[in-house]
Amino acid sequence: MLENIFKWVTVGGNRVFLLKDINLTVKEGEFLSIMGPSGSGKSTLLNVIGMLDGFNEGQYTFLSHAVQQLKEKQRSQLYKQHVGFVFQAYHLIDELTVYENIETPLLYQDIKTSERKAMVGDMLDKFNIVGKKDLFPTQLSGGQQQLVGIARALITKPRLLLADEPTGNLNSKQGEEIMELFYTLNREEGMTIIQVTHAEKNAAYGSRTVHLLDARIEKNG
Amino acid sequence: MRFRKERSYGLINLLGLSIGIASAMLILLWVEDEINFDNTYTKKELLYAVRENQTYDGKVRTFDNTPGPFAAAVKAEIPGVVNSCRTAFRRGILFSAGEKAIYERGCYTDSSFFSMFTISFLEGSAKDAFKQLNGVVISDAMAKRFFGEEKNVVGKTLKVDNSRDVVVTGVIKEPVENSTLQFEWLAPFEVFSAVSPWVNDWGNNSIDTYVELAPTASPVAIDKQLAGFIGKKSGSTGTQAFLFAMKDWHLRDEFTDGKQTGGQEEYVQLFAIVAGIILLIACINFMNLATARSEKRAKEVGVRKVLGAGRKRLAFQFIGEALLLSALAVVAGVLLLVLVLPAFNALVGKQLQVGWSNPIHFATLAGIALLCGLVAGSYPAFYLSSFNPVTVFKSQQSKTGSAVWIRKGLVVVQFSISIILIVSTVVVYQQVQYVKNRNIGYNKENLLDIDVRGDMLNNFGAIKQELLNSRLIENVALSSYETINIGNNSTNHNWQGKDPSKSVLISNRMVSPEFISTLGMHIVKGRDFRVDTPADSSTILITESLERIMGKDSAVGKTIAFKGNNYQVVGIVQDFIYGDMYNKSDPVVFFYAPAATKYFYVRMKTGANPEEALAQIQSVWKKYNPAYPFVYRFVNDAFNRRFKSEMLIEKLSQVFAALAIIISCLGLFGLAAYTAERRTKEIGVRKVLGASVNSLAGLLSAEFLQLVIFSCILAFPVAWWVMSRWLQGYNYHTSIRWHVFVAAGICALIIAVFTVSFQAIKTAMASPIKSLRTE
């Protein structure tokens, strides 16, 4: 739940607002789409929700934690456990194989090797990419890379999945597949998903859409 | 932002290269000074010192001294020798004029000295200088000390040793610092031989002889004639004279078994190589940073290629950039050089100058700029210009496998060199300490050595009593020679059962009876001399090594005949080290003969304030010797001076090891910064996935630490090999212990961690949002 969130930067003595008086409540199990033109603050809002970025004013409650009061370490602990990120440009680590990419978040949660193996194995199964586990990201198509990206985001069993234009770099067929996947995740597993998107078509997969314009929520519907 | 980043790369490059160039130039100045030793003599190629190889017990030893009559005889009898002179150098003769009294070093010599060494006279002339026996030629510096700015010094009178007057007959320039012969005054040799009649004897070797050959003469042929020359005159066939060329005086003055084996030259060569290595390290930085940045410049190359630039043209562009930077670095390097030269001079004890007017220096600088530019620019130019524009544009990040490997290889080279230098520095230090801490057979701490002057010998009893009364002085004694020097030696000692076929070289020391106890030497058998017992003047003390030569049983009670007198051995002294500090010293005989001594030893009490003790000695000195300035030496200092060249190597290797490491670290720093930047995206991703700052910093550092560890593995055997060889050159040497390697490795690692982790932590702390934003 976000209340009266303001975020700004000061350029040449003037405040430029990145987010202005954002009030937004997302319930568990929702599939929210954030839309809006370029520069309207969509990605910034997503980063704030994901606790990658701070804000200057307002209150943000995440799973009954008051985020603005948390220390850096606690905040990172919180998102490490509960939030998964999917990026437009996939942001896989080129030097690591598919398997290792998916495994990476588990390394940072101090999970035992055997356990990690099982978890990654399950994930590879679920996404039908067992055969590709030893390939490097550059050897995959965009759609496959994004699939790995989502698998990596889900490996820690987060309660919230954040996706910043997950289909932006994909062709329409690949994009549809990804959106279908999100839809299934939301419907069948009750995963809370917040995605930023340009396309009405993608927003239609969600249960609710928020429109941003000039750092404000224009339509909360 | 981008511009600033590029600029900081440029600065790191420039700084590394200019430090490298400045240090290379320092070394080259030092090398130049060493090579140019004795270059002021126009007859350098024709001048020779005469040395002697003497054979004792099958071993050949080389000495500087020759018999007094040698010089005249060799000129008269050996064709090709056009000139010769005898010299007797004296360290400190007291000169006085009015209130001023100063000890000055100088030399008694023949007037041929002037033409041989092409001495130019500022006042007076070579022709008239030694016409009168009481004439003296002094340096301009000495003239200034006595007569200030006054001109027309010729004709002025100076008093020598408070006893006789001499007249200045000429003023000459003081010898420049990098010449072997150093003197402030020159006086006729006859003055010296009149009071030292033994120098006219063929059997006495105490005079330095110099000869000048005709330009056509062959030194090899003359050496052949010299070999038996002294033997014919003196009858001692074991002595062979030979020529020692002036060009070898400074750099190749070591002899082993009668053969010239080198000397300082090895160090000069070594440091010339070090200069090259430091430049190379600096160039490596340049190459590494340039290729590392290449991924950024790949786009520029691609665009230029698309616009029609040929590969050659691009290569020229990059080499041109490198040359420009190295020219800038040379300028910065010269500025640095000017800044640090005084400190460097203090360190090496020289007065090196930048030499702005020397065209060779400018040529060298230009050469360095060109070389660095080409070396540093060649690989990046070759590498960058080879980019294919299509692949460059396609993939954001070009695969740069070979460049990465070469970069890593170069870092390994840098760190290997640095580690070798660290190990070498430590081993050199340990060796110097090892020799300095060698048990030399007496206690050299708190021990003063003072020249006997004036009436001191007659007043010795009173001086001794007054000093002992002061409670600051433990004991005093007299000796004919400084304890660390060889002094007088001969083979004319005889004893019952001596093998007549063997000649044993034995040092003679005339001492006062307090000597052994004052110096802290150890009597191992028998007794010491008895103080105030003139009857002991027919007794002697000998060292253990002589006792062994004299037979199996104790030598106490045996008799040794020397110069027609019989002496009874009353005590055996533990061997002590003198002469060559790395070798065993010859046997010594101590005679009870205080009247024949020249050095006054004072043992201060341990814990006594040296300044108070010195003041005390000075006041006693003033009382009994008012006409002579009080000058003293600490035996410990004299001992340390024996290791001058080793200590110089020690200091130089420390400085240059440090510089090599600094330059390597600059490179590593730049590379780490670059790598961190290249991996920003990855770091961002990992951070979002929950990586902590620590694990990220570790990830970034690990890559470099592997390189450093690999460098250690490479460097250790090399360092071990080099330093073992160096130590082999010393008879008395330490061994290389494994701690040195561990310490050097840890040291390199710590320095590398420190350098790299700064960048790593900075990157790991950065917010991931920026790096993950999709453009």
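1. Conventions. Residues are numbered from 1 along each chain as its sequence is written, while chains are lettered from A and ligands numbered from 1 in the order in which they are written. This is a predicted model in which local features need pLDDT of at least 70, side-chain atom pairs count only at pLDDT 80 or more, and totals for chains, interfaces and linings use all residues; side-chain values use heavy atoms, with hydrogens and water left out.

2. Confidence. The model has an ipTM of 0.83 and a pTM of 0.78. Where pLDDT is low, the predicted coordinates should not be read in detail.

3. Strand β9 of chain B. Strands are DSSP runs of E with at least two residues, numbered from the N terminus, and two strands pair if DSSP finds at least two bridges between them. Strand β9 (residues 185-188) pairs with β4 (residues 100-109) of chain B in the parallel sense, over four bridges. B:T109 has B:P188 as its bridge partner. Strand β6 (residues 135-139) of chain B runs antiparallel to β9(B) and is joined to it by two bridges; here B:W185 stands opposite B:I138.

4. Residue B:F643. This residue sits in the loop between helices α19 (635-641) and α20 (644-678) of chain B, where helices are DSSP runs of H or I with at least four residues. Is B:F643 buried or exposed? B:F643 is buried (under 20% relative accessible area, against over 50% for exposed and partly exposed in between; 1.4 Å probe, protein chains only), because its relative accessible area is 0%.

5. Surroundings of B:F643. Leaving aside residues up to four places away in sequence, B:F643 touches B:V435, B:K436, B:M581 and B:Y582; contact means heavy atoms within 4.5 Å. B:Q433 is 210 residues from B:F643 in sequence, yet their C-alpha atoms are 10 Å apart in space.
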